[in-house]
Amino acid sequence: MLVLITYDVNTETAAGRKRLHNVAKQCKNYGQRVQNSVFECILDAAKCREVQNKLEGIIDKKKDSLRFYYLGDNYRSKVEHIGAKPGVDIEGTLIL
């Protein structure tokens with residue numbers, strides 16, 4: 001299923017900037033960055049719980065926030081892209 005992960009991390013302190021870096025680093029392990037604090041991830045239920053637990057362990061729940069949007073398996077009709085940075089086929093072949 002397609003899961004959209006978004007986050008807002010308070011970066012007023014060095015600790016906050018470190019949390020932001022760590023959240024982004026973890027999200028990169030699971031999906032494709034589509035905007036600064038937005039990742040599209042193809043995950044099964046177990047992987048989704050895994051990334052959620054990892055991210056919850058990084059953030060400060062009093063200062064930061066996470067959002068998970070579950071778009072399901074038929075997500076192509078639910079996502080529309082307009083503007084810069086053309087959409088990426090997150091299920092396509094990755095060429096390094």
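**Exercise 1. How many of the residues of β1 are buried in this predicted model?**

Step 1. Take β1, which spans 2-8. It has 7 residues.
Step 2. Apply the cut-off: buried means under 20% relative accessible area.
Step 3. Count: 6 of the 7 residues are buried. β1 is mostly covered.

**Exercise 2. Find the order of the strands in the sheet, and name the edge strands.**

Step 1. The sheet is open and has 4 strands.
Step 2. Read across it: β2-β3-β1-β4, with antiparallel pairing.
Step 3. Look for strands that pair on one side only. These are β2 (32-35) and β4, the edge strands.
Step 4. On average, neighbouring strands are turned by 25° against each other, direction ignored.

**Exercise 3. Trace the bridges that join β1 to β4 and to β3.**

Step 1. Recall the background: strands of a sheet pair through backbone hydrogen bonds, either parallel or antiparallel.
Step 2. Start with β4. Its antiparallel pairing with β1 runs over 7 bridges. Leu-4 has Tyr-69 as its bridge partner there. Val-3 has Tyr-70.
Step 3. Turn to β3. It is joined to β1 by 5 bridges, and the two run antiparallel. Here Thr-6 is bridged to Val-38.

**Exercise 4. Which strands does each helix lie across?**

Step 1. Take α1 (14-28). It lies across β1, β2 and β3. Its direction is at about 170° to β1.
Step 2. Take α2 (45-58). It lies across β1 and β4. Its direction is at about 170° to β4.

**Exercise 5. Which residues touch the most other members of the largest nonpolar core?**

Step 1. This core has 17 residues. Ile-5, Tyr-7 and Leu-55 touch the most other members.
Step 2. Find the elements behind the core. β1, α1, β3 (38-42), α2 and β4 (65-72) each supply at least two residues.
Step 3. Follow Leu-55. Leave aside its neighbours within four places in sequence. Its contacts are then Ile-5, Val-23, Gln-26, Cys-27, Leu-66 and Phe-68.

**Exercise 6. Why is the pair of Tyr-7 and Phe-39 classed as it is?**

Step 1. A pair of aromatic rings is described by the distance of the centres and the angle of the planes. The count here is 1 aromatic pair.
Step 2. The ring centres of Tyr-7 and Phe-39 are 6.3 Å apart, and the planes meet at 25°. Planes under 30 degrees apart count as stacked, so this pair is stacked.
Step 3. Tyr-7 is in β1 and Phe-39 in β3, 32 residues apart, so the pair links distant parts of the chain.
Step 4. Check burial. Both Tyr-7 and Phe-39 are buried.

How values were computed
Residues are numbered from 1 along each chain as its sequence is written. This is a predicted model: local features need pLDDT of at least 70, side-chain atom pairs count only at pLDDT 80 or more; totals for chains, interfaces and linings use all residues. Side-chain values use heavy atoms; hydrogens and water are left out. A nonpolar core is a set of buried Ala, Val, Leu, Ile, Met, Phe, Trp, Tyr and Cys residues joined through side-chain atoms within 4.5 Å. Buried means under 20% relative accessible area, exposed over 50%, partly exposed in between (1.4 Å probe, protein chains only). Contact means heavy atoms within 4.5 Å. Rings of Phe, Tyr and Trp (its six-membered ring) pair if their centres lie within 6.5 Å; planes under 30 degrees apart count as stacked, over 60 as edge-to-face and the rest as tilted. Two strands pair if DSSP finds at least two bridges between them. Axes are lines fitted to C-alpha atoms, for helices over the stretch in contact, and angles run from 0 to 180 degrees between N-to-C directions.
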